[in-house]
Amino acid sequence: MELKQITSWEDFDSVEDLLRNDEKSWLLESGPITRRIKNIGNFYLELINDSVMNVNKEDADFINSSKKDIRVREVILYCDKHPLVYAKSLLPVETINKGFKPLGSLGKKPLGDILFDKSIFRRDTKVYSAFQGPHSKNYWGRKVKYFANGYPFSVMEIFLIGDNNA
């Protein structure tokens, strides 16, 4: 899925007036997105990429990482066979090795199934941006910086709502 960022990352107050209520609902979801999807339909996770690769400077700066070894994990979360969320996690290898090893072997398991364990994970910065998808359709996403036992990583989610009435 080709998604192009069309606005800069901003705090919620800066984008709130641009959002529909259904978009706000997903962007402000405080629990696991996977649980929300399972509550409205059949959930499926498609693993697109899970490999160590170079990331752009903005993404590396967001997680305060000067390290080149960052595992990039991209997935699409489906509800009733319709793509609902594109998610991209940036997991520095140091975070996996020293913060929480299971982050490096998620496979097709949703990150949201473990991310809300407050004894391991702490949420830090959250920002929002608009993206353009196929056929010039616009979507909203959020990017959150987390810490796993003190080591940083990030999760970006772009909500593909509007197409499937979620």
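Biologist: Which residues is Thr 95 in contact with, leaving aside its neighbours within four places in sequence?

Modeller: Thr 95 touches Phe 100, Leu 103, Ala 148, Tyr 151, Pro 152 and Phe 153, where contact means heavy atoms within 4.5 Å. A word on the source: this is a predicted model, in which local features need pLDDT of at least 70 and side-chain atom pairs count only at pLDDT 80 or more, while totals for chains, interfaces and linings use all residues. Residues are numbered from 1 along each chain as its sequence is written, and side-chain values use heavy atoms, with hydrogens and water left out.

Biologist: Why does Thr 95 count as buried?

Modeller: Buried means under 20% relative accessible area, exposed over 50%, and partly exposed in between (1.4 Å probe, protein chains only). Thr 95 has 1% relative accessibility, so it counts as buried. Its place is helix H5, residues 93-99; helices (H or I, at least four residues) and strands (E, at least two) are DSSP runs numbered from the N terminus.

Biologist: And what makes Met 156 buried?

Modeller: Its relative accessible area is 13%, so Met 156 is buried. Met 156 sits in strand E7, residues 151-159, and its contacts beyond four places in sequence include Trp 9, Tyr 86 and Phe 131.

Biologist: How do you know that Arg 73 has no salt bridge?

Modeller: A salt bridge needs a side-chain nitrogen of Lys or Arg within 4 Å of a carboxyl oxygen of Asp or Glu. For Arg 73, which is buried, the nearest side chain of opposite charge is Asp 50, 4.4 Å away. Here Lys and Arg count as positive, Asp and Glu as negative, and His and the chain ends are not counted. The side chain of Arg 73, a residue of strand E3 (70-79), does reach the backbone oxygen of Gly 107 at 2.7 Å.

Biologist: Why is the pair of Phe 100 and Phe 121 called edge-to-face?

Modeller: Rings of Phe, Tyr and Trp (its six-membered ring) pair if their centres lie within 6.5 Å; planes under 30 degrees apart count as stacked, over 60 as edge-to-face and the rest as tilted. The centres of Phe 100 and Phe 121 are 5.4 Å apart and the planes stand at 80°, so the pair is edge-to-face. Phe 100 lies in the loop between H5 and E5 and Phe 121 in strand E5, so the pair ties together parts that are 21 residues apart in sequence.

Methods. A polar contact is a pair of N or O atoms within 3.5 Å; within protein, one must be able to donate a hydrogen and the other to accept it, and residues adjacent in sequence count only if both atoms are side-chain atoms.
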